[in-house]
Amino acid sequence: SPYLGNYYIKDITQLQIRELIKKLDKQGYKFETKNKVRLLLTDMFNKAMIDDFIRKNPARGIILKRNEEKDIRVLSTDEQKTFFDCCKGTFYDNLFTVAVSTGMRIGEVLALTIDDLDFDEEYGTINVNKTLTKTKSGKIIVGKVTKTKKGKRNLHLDKVSKEVTLKAIKEMRPNSRNLLFYRKDGRIYYPSQVNSAFKRIC
C-alpha cells in the first residue's frame, strides 16, 4: 500500500518523507529513483501551496547523497575484440577505439578538436582541456574546461593509440568547429546517443 497515500496532504511531514526515502533505500532503490521521488513530491507540494491546501512544502530542503559506488566492469580481451568487430563499418568504430585506446571519457572524446592533437613527439600527445557540458536550459555544448581540475591533462600516445587517432583524423567529417567526431547534420554528438549505441552494439 502507498506509504503516504493514507494521509491527508496537509498532515504529511518532512519526517515522513525522510522515512519514505529510507524505506526505498532499504528496498534497494538507487539514487536516481529516490531523487525522482523527492522531485515529484516537491513538485506536488508546490502545486498544493499554490492551491492553498498547505502553507509549507515539507519536501523542500531534503538533500540526498549519492553514496553508492557504481560497479565498474572492465571488458576482457576477448570481449574487446568482439566489441570492436561489431563496431567495424560504423561511425562509432573510430570514436570507441580512440576512447578505449586513450582512456578518455566519452564527453572528452566528443569535444576533441584537431588543435588538441600534437604529433611532434615520437607518437604524439592529446591535450585534454575540455568536455561536453549541459547548460541550464538542457542544451549540450562544448565546454571550455574538463569535468574536474585533474581532468585537464596531456595524454602521451603509444603506437596503437597514434594509429587509431590518425585513422580518425583521416575519416573525420569536415566541420567549422574542427571537432574530430561530428554528426552528418552538423550537430555535435550527445553522450546519451553514444551510450545508446554502445548498448546496442553490446
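How far apart along helix α1 are K22 and E19?

## A pair within one helix

In this predicted model, K22 and E19 both belong to helix α1 (residues 14-26), where they stand three residues apart and are therefore separated by about one helical turn. The two residues form a salt bridge, in which the closest N and O atoms are 4.0 Å apart, and E19 is partly exposed, with a relative accessible area of 34%.

## Other salt bridges

The count of salt bridges comes to twelve. One of them joins D116 to K130, with 2.6 Å between the closest N and O atoms. This pair links distant parts of the chain, since D116 lies in the loop between α5 and β1 (117-118) while K130 lies in the loop between β2 and β3 (132-134), 14 residues apart. Both D116 and K130 are buried.

K167 and E171 also form a salt bridge, their closest N and O atoms being 3.5 Å apart. Here K167 is partly exposed at 34% relative accessibility, and E171 is partly exposed at 47%. Elsewhere, K81, D85 and K88 are linked in a network of salt bridges.

In soluble globular proteins, nonpolar side chains tend to be buried together. The largest nonpolar core in this model has 31 residues, of which F96, I126 and F181 touch the most other members. Among the elements that give two or more residues to this core are α3 (77-87), β2 (125-128) and α6 (159-170), while the largest share, five residues, comes from α4.

Beyond its neighbours within four places in sequence, I126 is in contact with residues including T102, D116, L117 and T165. Another core, of 14 residues, lies apart from the largest one and includes L4, L41, A59 and L64.

Terms used. Residues are numbered from 1 along each chain as its sequence is written. This is a predicted model: local features need pLDDT of at least 70, side-chain atom pairs count only at pLDDT 80 or more; totals for chains, interfaces and linings use all residues. Side-chain values use heavy atoms; hydrogens and water are left out. A nonpolar core is a set of buried Ala, Val, Leu, Ile, Met, Phe, Trp, Tyr and Cys residues joined through side-chain atoms within 4.5 Å. Buried means under 20% relative accessible area, exposed over 50%, partly exposed in between (1.4 Å probe, protein chains only). Helices (H or I, at least four residues) and strands (E, at least two) are DSSP runs, numbered from the N terminus. Contact means heavy atoms within 4.5 Å. A salt bridge is a side-chain nitrogen of Lys or Arg within 4 Å of a carboxyl oxygen of Asp or Glu.
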